[in-house]
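Have the viewer open as you read.

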Amino acid sequence: MSSVTTADRTRPARRRIMHVGSGGMILGGLLIVVGSPMPWVSTPVGSLSGAAGAGLWTLCAGFLAIAGALIPRRRVAFVHAVMPGVAAALIVCWQLVRMVQISVGTDAWGKLLPGIGLVLVGGGAVVLLRSAKRIRDAGQPAN
């Protein structure tokens, strides 16, 4: 009988799918996806849905962020965190400025208020931009 010995085989290192910013990107993307179709502006006569306007753009941005969380390449994930985060933040700021303009034009201060959807999208944008900063800082050498 011959004895069979197993040689030490070196396995190729497995690449991790999740990176430093994956958790934040998933959370931020989900906040944006959930907040996009919800009410963005509350008025005395009802609410205006985000799905009727710019919420469709932020919905796409949220899905891009979630997809970027599952990409193992740091540079590509960084772009997938920055682009949707900046886009969502700009849309939220634009909506807030527009609400102030309408309030000034109609002398209806306090009647138009941000809805929960606009707040969620704004929070998701902040989380995405924070995740982008973490990804960028993880790639730089410590001083």
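Buried here means under 20% relative accessible area and exposed means over 50%, with partly exposed in between. By that cut-off Asp-137, at a relative accessible area of 31%, is partly exposed. Keep in mind that this is a predicted model.

## Overall layout

The protein chain has four helices and three strands. Going along the sequence, their order is α-β-β-α-α-β-α. Of the 143 residues in the protein chain, 32% are buried.

Take the contacts between residues at least 6 apart in sequence: 73% of them join residues at least 24 apart. As for the surface, the protein chain exposes about 9500 Å², and 66% of that comes from carbon and sulfur atoms.

How many salt bridges does the structure hold? There are two. In one, the side chains of Asp-137 and Lys-133 come together at 2.8 Å, N to O. Both residues sit in helix H4 (residues 116-138), four residues apart, which is about one turn of the helix. In the other, Asp-137 pairs with Arg-136, with 3.3 Å between the closest N and O atoms.

Through shared partners, the salt bridges tie Lys-133, Arg-136 and Asp-137 into one network.

## Helix H1 and what covers it

Helix H1 covers residues 22-35, which is 14 residues.

Which residues of H1 are buried? They are Ser-22, Met-25, Gly-28, Gly-29, Ile-32, Val-33 and Gly-35. The cover over these buried residues includes strand E1 (39-43), helix H2 (55-69), H3 and H4.

In soluble globular proteins, nonpolar side chains tend to be buried together. Here the largest nonpolar core has 20 residues, and Met-25 and Trp-40 are the ones that touch the most other members. H1, E1, H2, H3 and H4 are the elements that give two or more residues to this core.

Met-25 is worth a click. Setting aside residues up to four places away in sequence, its contacts include Ala-65, Ala-77, Ala-81, Leu-128 and Ile-135. His-19, Ser-131 and His-80 are also among the residues that Met-25 touches.

## Two residues of H3

His-80 belongs to helix H3 (residues 74-106). Which backbone oxygen lies 3.0 Å from a polar atom of the His-80 side chain? That of Leu-64. Not counting residues up to four places away in sequence, His-80 touches Met-25, Leu-64, Ala-65, Gly-68 and Ile-71.

Arg-74 is in helix H3 as well. With 41% relative accessibility, Arg-74 counts as partly exposed. Beyond its neighbours within four places in sequence, Arg-74 is in contact with Ile-135 and Gly-139. Arg-74 and Met-18 are 56 residues apart along the chain, and their C-alpha atoms are separated by 9.8 Å.

Note on methods:
Residues are numbered from 1 along each chain as its sequence is written. This is a predicted model: local features need pLDDT of at least 70, side-chain atom pairs count only at pLDDT 80 or more; totals for chains, interfaces and linings use all residues. Side-chain values use heavy atoms; hydrogens and water are left out. A salt bridge is a side-chain nitrogen of Lys or Arg within 4 Å of a carboxyl oxygen of Asp or Glu. Buried means under 20% relative accessible area, exposed over 50%, partly exposed in between (1.4 Å probe, protein chains only). A polar contact is a pair of N or O atoms within 3.5 Å; within protein, one must be able to donate a hydrogen and the other to accept it, and residues adjacent in sequence count only if both atoms are side-chain atoms. Contact means heavy atoms within 4.5 Å. Accessible areas come from the Shrake-Rupley method with a 1.4 Å probe; for residues, only the protein chains shown count as cover. The expected span of a helix is 1.5 Å times one less than its number of residues. A nonpolar core is a set of buried Ala, Val, Leu, Ile, Met, Phe, Trp, Tyr and Cys residues joined through side-chain atoms within 4.5 Å.
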